[in-house]
Amino acid sequence: MTVQAVLDEIRERPGTGEVIAVVDPATEEQVTEFKDCGPEAVNEAVARAKETAESGVWRDLPPSERAKVLWRVGELIDENAEVLAELESLNAGMTPLQAQGTVTVGSEFFRYYAGWCTKIEGIAADVHTGGLTGIDSHQHAYTLKEPYGVVGLIFPWNGPVFNFCCKLAPALAAGCSSVVKPAEETPLSALVLDNILHEAGVPEGVANLLLGYGHTAGAAITAHPDVEKVAFTGSTEVGRAIVHAAGDSNLKKVTLELGGKSPVVVFDDADLSKAVPMAAFGTFIHSGQACVCGSRIFVQRGIYEQFVEQLANVANGLPQGGPKDEGSLIGPLISEKQLTRVMGYLEQGKSDGVEVVTGGHRLDRKGYFVRPTVLTNVASTSRLFQEEIFGPVVAVLPFDDEDEAVALANDTTYGLAATAWTQDLGRAHRIAKRLKAGTVGLNCQMQFDHSMPFGGYKQSGWGYESGKAGLETYLQTKIVWAQM
């Protein structure tokens with residue numbers, strides 16, 4: 001498919017709901033539009049998924065055959081990498097380098113989980129037990145790992161290809177049927193991926209793409225009684241709503257990858273030649289629109305002024321522009337709504353006496369661009385410190401000792417990621433144990449591998465994605481007892 005073909009196809013896609021504009025965030029221009037699918041389309045998609053789940057057309061396929069299909073999906077993503085990357089740049093404002101990287105990571109999800117198809121297994125044991133009766137008996141017990149019937153996969157706008165692949169690949173490997181809803185802001189790449197699934201041999205009705213708003217299509221998926229599980233990535237606020245809807249419908253299982261306010265702790269023995277550029281990368285990548293961005297940096301007082309100066313210099317030197325602007329490393333925010341949100345935080349901070357070391361303003365050009373912003377004198381009770389901004393904004397605060405650093409870092413309702421920079425090996429591992437976060441980087445930041453689980457503490461989520469844990473989230477365990 002070409003980019004233009006995708007723009008035309010989505011415009012013609014049937015729907016009964018509101019017309020939704022798709023806007024290029026680098027130019028503020030509408031590139032296409034589509035209709036919200038409407039509630040009946042959700043019911044039809046769930047019915048198709050349920051029919052395939054009950055027939056076993058995918059679930060009962062030999063695992064080696066499922067593996068071949070998933071591997072082929074990965075190959076086809078690679079073959080369509082150019083158009084997928086163009087769509088990520090056009091739709092999400094990603095720089096070409098970042099867009100290409102997310103597509104590469106996406107295809108590898110399918111290859112990685114293709115390997116797991118043949119390795120789904122339970123445990124077995126011969127058991128001598130009196131059970132509840134107290135009478136000695138001999139049984140053979142074993143467990144079965146079985147897929148959920150219909151799963152709802154709902155994901156956000158900040159990484160459309162990545163999120164599509166990281167959810168659908170393990171769901172398919174487990175044998176689930178699904179309904180898939182991308183964010184209304186970024187639906188374009190999902191059309192290409194949906195076509196790839198069918199071309200690779202995923203049976204009709206096993207993966208069903210739905211386009212629409214979160215409060216319409218997403219809410220209908222979450223509330224549907226025939227959806228047995230929902231996997232969601234997005235804000236903590238929406239995550240709470242999904243939990244309530246799941247409880248009110250059929251107590252469906254829920255996996256949530258939610259927000260973050262990730263701390264970066266820099267001790268006075270840190271190698272600043274590495275810590276400063278990595279902290280900048282970990283804050284400003286994708287204009288700060290990543291849940292793991294290190295948006296609070298705590299620096300030991302002896303090197304605080306030096307660190308702030310160097311970080312500001314890096315921020316000032318980052319070339320910013322749209323995907324077509326040569327050399328751009330920092331793109332726009334996703335939408336006017338997000339621009340208004342980020343600027344609202346900055347204006348409130350300025351009125352509260354926050355010092356803007358650099359940035360703090362939008363670019364004087366078309367597009368939703370906000371300059372990388374470094375703030376100091378930020379109160380730990382302020383919204384800037386406590387709330388997820390989802391923009392290129394970082395607060396830098398000083399600390400005196402290890403205990404104070406840990407207390408500041410953990411002073412948040414979130415617990416997604418954290419980083420510590422120190423050359424003291426003992427302190428590094430002490431800090432790793434004390435930081436309340438699902439992922440901790442020691443002298444590194446923004447690390448990822450398909451084989452490692454990813455999830456959050458506190459209000460950053462429930463459950464895990466990636467690795468074996470990401471597969472098991474789509475499997476139920478059945479225990480079977482057999483009298484001998």
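Guide: The expected span of a helix is 1.5 Å times one less than its number of residues, and helices (H or I, at least four residues) and strands (E, at least two) are DSSP runs numbered from the N terminus. This is a predicted model, in which local features need pLDDT of at least 70 and side-chain atom pairs count only at pLDDT 80 or more, while totals for chains, interfaces and linings use all residues. Residues are numbered from 1 along each chain as its sequence is written, and side-chain values use heavy atoms, with hydrogens and water left out.

Visitor: OK, so what does helix H3 span?

Guide: Helix H3, residues 63-79, has 17 residues and covers 24 Å from its first C-alpha to its last, close to the expected 24 Å.

Visitor: And which of the residues in H3 are buried?

Guide: Taking buried as under 20% relative accessible area (exposed is over 50%, partly exposed in between; 1.4 Å probe, protein chains only), they are Arg66, Ala67, Val69, Leu70, Val73, Gly74, Leu76 and Ile77.

Visitor: What covers them?

Guide: Counting contact as heavy atoms within 4.5 Å, the cover includes helices H4 (81-92), H5 (96-114), H6 (160-174) and H7 (188-200).

Visitor: Switching to the whole chain, how many helices and strands are there?

Guide: The protein chain has 16 helices and 20 strands, and buried residues make up 55% of its 484 residues.
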